[in-house]
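Here's a quick briefing to read alongside the model. Have the structure open while you go through it.

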Amino acid sequence: MLLDLRPRFLRFPGGCFVEGEWLINAFRWKEIIGPWEQRPGHFGDVWHYWTDDGLGYYEFLQLAEDLDATPIWVVNIGISHHDKINISDIAPLVEDILDSLEFAKGSAESKWGSVRASMGHPEPFLVKYVALGNEDCVFSFYREHYLEFYTAIKEAYPDIQIISNCVGSRVRLDHPADLYDFHIYKNSTWVFLNKTMFDNVPRTGPKVFVSEYAVVEEKPGDGGNGNLVASLAEAAFLTGLEKNSDIVQMASYAPLFVNDNDRTWMPDAIVFNSWQQYGTPSYWMQTFFRESSGALIHPITINSSYSQQLAASAVTWQDSKISFLRVKIVNFGPVAVNLTISASGLEASVNSARSTVTVLTSSNPLDGNSFSRPKKVAPVMSELPNAAEEMQALLVPYSLTSFDLALDV
């Protein structure tokens, strides 16, 4: 299921899991790179479960490589939810993070690169991004800690992109960074209405990394365990990110997985138990955007009396030797909407024989999926025989519709 999303990056080992409620329970990479049965494990005190750390630093790097995804290594910089390392004592932790990068990127002859090679991976991993902390900008001492790590990493690995926890969309950052991390957990209406959030942020300076976004339940029935209306609000938000892809470099839904026997946080993209799994509507919504990375964005205008309940974006992408114009439209309202789709300025004609339409919807906007009905809310694709540069489209209530117009090159 993860591979089917075609992820371009993998952010690990998590968010709050990296910090811990207390530093004694923070993620420590050197304790989890040996044989699995010799790893001590640790208590994940934020989410209240013991982990044997069988999925450790090395395995996360392998997973990213297997997915053909860029690793994004989130590191602890001496800050937890309730305690911190004094700045005068920070040097050993800085050295520890430099060791972790040598393990991933160093030659097989280096101290820590040789450990990686002995584990069966002589070639370096392609680590390009390091996030310094998680949601730690709320602490006044974050910048002081941040700069110690930023300076050391940039000196040793100038190619690595550093991600700050401080948001620079309204006020410019007072410290150097390549990207800044942005998290959003709000109700569906708020997320839908804030699809234009990045329209007017500064176009210079650090890029945006929306590393955690999801609709959460702030009122009964809004997000639930993951439902249609939540996924539609998130889709609208993503159309806004597409339009602002000159400044928004990456985005990822969170959390990714949840064990049905221990739902500490809801909703999540993929639900599993010891023998089953299913995707929530938010999982299936993301499949509409998996070709967006590297695609060409096109301007799109909606002229409708119902435009306030709609959101849309258009991209051109290529599958093998066929190019497609994909027009995604969210109908976030209870009323069906008729639209005329006009695609002008294309350098090729539309091939109706290969064009398709895909719809994500259900009879009730609060519908979700389950082990017994894993695809109650899932995309349905059909042919689009009347595809043309101008055509009529009917958007059913509470739906995400993708028109893929094949282009004859």
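Let's start in a loop: Asp-53 sits between β3 (49–51) and α2 (57–66). Its phi is near 60°, a positive value in a residue other than glycine. Keep in mind that this is a predicted model.

**Other backbone points**

- Most residues other than glycine have a negative phi, and most peptide bonds are trans.
- Going from Phe-12 to Pro-13, the peptide bond is cis, and omega is near 5°.
- Pro-13 belongs to the loop between β1 and α1 (16–19).
- Another cis peptide bond runs from Met-266 to Pro-267, with omega near -5°.
- Pro-267 is in the loop that lies between β10 (257–259) and β11.

**The sheet**

- Seven strands make an open sheet with parallel pairing, in the order β1-β4-β5-β6-β7-β8-β9.
- The edges are taken by β1 (9–12) and β9 (248–253); each has a single partner strand, so one side of each is left without a neighbour in the sheet.
- From one strand to the next, the twist averages 25°.
- β1 and β4 (residues 70–75) run parallel and are joined by four bridges.
- Within that pair, Leu-10 stands opposite Pro-71 in β4.
- Helix α7 (residues 228–243) packs on the sheet, where it touches β7 (179–186), β8 (207–215) and β9. The direction of α7 makes about 170° with that of β8.

- On the contact side of things, 34 residues of domain 1 meet 37 residues of domain 2.
- The size of an interface is often given as the accessible area lost when the parts come together.
- For domain 1 and domain 2, the buried area is about 2700 Å², with 74% of it on carbon and sulfur atoms.
- Two salt bridges are counted between domain 1 and domain 2.
- Glu-291 and Arg-326 form a salt bridge, and their closest N and O atoms are 2.6 Å apart.
- Nine residue pairs are in polar contact across the interface of domain 1 and domain 2.
- Which elements give two or more residues to the side of domain 1 that touches domain 2? They are α6 (188–193), α7, β11 (270–272), β12 (277–279) and α8 (281–286).
- Helix α7 gives the most to that side of domain 1, with 10 residues.

**Salt bridges**

- Side chains of opposite charge can pair when their charged atoms come close.
- The count of salt bridges comes to 16.
- Glu-242 and Lys-328 meet through their side chains in a salt bridge, at 3.1 Å from N to O.
- Glu-242 lies in helix α7 and Lys-328 in strand β15 (residues 322–331), so this pair ties together parts that are 86 residues apart in sequence.

**A look at His-82**

- You'll find His-82 in the loop between β4 and α3 (91–105).
- What is His-82 in contact with, leaving aside its neighbours within four places in sequence? Glu-21 and Trp-22.
- With Glu-21, the contact is also a polar one: the side chains of His-82 and Glu-21 meet at 2.9 Å.
- Val-167 is 85 residues from His-82 along the chain, and their C-alpha atoms are separated by 22 Å.

Notes
Residues are numbered from 1 along each chain as its sequence is written. This is a predicted model: local features need pLDDT of at least 70, side-chain atom pairs count only at pLDDT 80 or more; totals for chains, interfaces and linings use all residues. Side-chain values use heavy atoms; hydrogens and water are left out. Two strands pair if DSSP finds at least two bridges between them. Axes are lines fitted to C-alpha atoms, for helices over the stretch in contact, and angles run from 0 to 180 degrees between N-to-C directions. Contact means heavy atoms within 4.5 Å. Buried area is the accessible area (1.4 Å probe) that two parts lose on being put together, summed over both. A salt bridge is a side-chain nitrogen of Lys or Arg within 4 Å of a carboxyl oxygen of Asp or Glu. A polar contact is a pair of N or O atoms within 3.5 Å; within protein, one must be able to donate a hydrogen and the other to accept it, and residues adjacent in sequence count only if both atoms are side-chain atoms.
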